[in-house]
Amino acid sequence: MEMIAHIFDTIVTAIGSIYDECNAVDDFIRWALGIWGIHHTAYWIIGFFFTRKFKPAQNYHKYAILISARNEEAVIGNLLDSIARQDYPSELITVFVVADNCTDNTAKVAREKGAICYERFNNKDRTKGFALQFLFENIEKDYGIPSFEGYFIFDSDNLLNKDYISKMNDAFDSGEKIITSYRNTKNFDENWIASTYALHWLRSIRFRHRTRSVLRLATNIQGTGFLFANELVKDGWHYTSLTEDRAFTADAVAHGYQISYQDEAMFYDEQPTSLRIALRQRTRWSKGHLMAFQETGWALFKNIFVGNCYRDKSEKRKLTWASFIEGVRHRWASFDTLSQLFPSVIVKVFLWLVVTLVMYSCLRYSTGIENVLVFRTNNGFAKVLNFIFGDLYVNAGPGVQAALYTALLSILWNWIGKINYHFKNMLAAVYVFIVERKRIKKIPLHKKIFYCFTWPTFDIIYRWSMYAALFMKVEWKPIPHTSKVTIHDIEK
């Protein structure tokens, strides 16, 4: 027993002895990670004042609308009705539906509403990306990909404003190759879970889409409600991971494409109301996030330093101001997209576990702790706790007790920091409710206040789902949609 105690003491002391050096590395890595987000404040300010505007189109373009549906008979008819009433020339719109492994009347409803429907039965390859791949293969076989100038992607629960396609056509006619749109929510106030999603999409508009579109960079595609030129799928659809939208975004940016945003094109979708469903969906998103980083992260990283790594190297290009500016734009867009893909939360929790929780506790095992303030974290919440409880101190001589106290204090300080951050994050919900008040449904004030308090759970779930996704095997499962809301209900 004495030998075991000696070995334990030697190991713990050795770990503690390198804490200072590792802490310096920790500080450097955290500083480097901070560089990823150094531009976000500027984006937020620009997005408050500006968004890109598009002139009315001079030409009407021919589009295909693609809808992947699995057992969506309850909602797909409402989407198809909202498409049928568009103020865009109907002869230039063709709607395709893939009834993917359906056991209900989705295909029947789609055909009755005038859509061209292909039925797919494949329980092995079950993601939405595989369904879209199947759909593009059939379009290529029966019509040819070039038959349509652009392709819209929607989910079955979506609803479109009457001028949606016209407004997207304005952006497409201006020369944009990939365009996303304003994502509103048809069940915003159904419960607090739905509200967190709704606020997230609106935050994305204000904090991401508006500025990136103004600066001609690349915002991110978010699952549905986007349009892209046929050249992007001339060789078919290749994005079949758990999150085909992230994979599509990363690959498009790596190849040099801008991704713009049309603020005047609004659609609605249905958000989950079940915590179980939300957790399942968010874990899938997180796993797909990690997969997209693995697949495209290196290409984006190379682009930052060497330009477009997919460019034909045999192609001789004359250096002009235009090509120079485009090179700078693409390098920054690659950096910007990589900063969104990089799993910073995983790196940070790893550093906290290894350096702060383990090494710092080992250091205090050797040195002990003397007059350590319990609520020492320098933030607003810690100051409130100090005001309530007074200055509480912890003391312990060298040994296991000091190490245990240090570990508990490290956990406490981490919690205080997270709680303080989430309290500040509530201001984002307040901001969204104010600036988007004219475009979201009327919600009683007491509900808005409640939703501001519950809003931080969206980011909390994101963080923990990323941790889980790192170790879990995640499978794609459909999200049920049952809302009976129609576009006529919204317009009342």
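**Close-up views of the predicted model**

**View 1. Aromatic pairs around F248.** A search of the whole structure, a predicted model, finds 50 aromatic pairs. In one of them, the ring centres of F226 and F248 are 5.9 Å apart and the planes meet at 35°, so this pair is tilted. The pair links distant parts of the chain: F226 belongs to strand β7 (residues 226-229) and F248 to helix α9 (residues 244-254), 22 residues apart. F226 counts as buried, at 2% relative accessibility. F248 is buried too, at 0%. F248 also pairs with F228: the centres lie 5.2 Å apart and the planes are at 50°, so this pair is tilted. Here again strand β7 is linked to helix α9, with F228 and F248 20 residues apart. Both F228 and F248 are buried.

**View 2. The aromatic cluster.** Ring pairs join F96, Y118, F136, Y143, F148, Y151, F226, F228, W237, Y239 and F248 into a cluster.

View 3. Strand β6 (residues 178-185) and strand β8 (residues 260-269) run parallel. They are joined by 7 bridges. N184 has Y268 of β8 as its bridge partner.

View 4. Helix α2 (residues 19-36) has 18 residues. At 1.5 Å a residue, α2 should span 26 Å, and its end C-alpha atoms are 26 Å apart, which agrees. Y19, D26, L33 and W36 of α2 are buried. They cover an arc of only 70° around the axis, which puts them on the same side of α2. The buried residues pack against α1 (2-17), α3 (40-49), α11 (321-341) and α12 (344-367). D20, E21, F28 and W31 are exposed, on the face turned away from the buried side.

View 5. N78 sits in helix α4 (residues 76-84). Its relative accessible area is 17%, so N78 is buried; the cut-off is under 20%. Leaving aside neighbours within four places in sequence, N78 is in contact with L159, S483, K484, V485 and T486.

How values were computed: Residues numbered from 1 in each chain as written. Predicted model: local features only at pLDDT ≥ 70, side-chain atom pairs only at ≥ 80, totals over all residues. Heavy atoms only, no water. Helix = DSSP H or I, 4+ residues; strand = E, 2+ residues; numbered from the N terminus. Expected span 1.5 Å × (residues − 1). Buried < 20%, exposed > 50% of the residue type's maximum accessible area, 1.4 Å probe, protein only. Arc of directions from axis to C-beta. Contact = heavy atoms within 4.5 Å. Pairing = 2+ DSSP bridges. Phe/Tyr/Trp six-rings, centres within 6.5 Å; stacked < 30°, edge-to-face > 60°.
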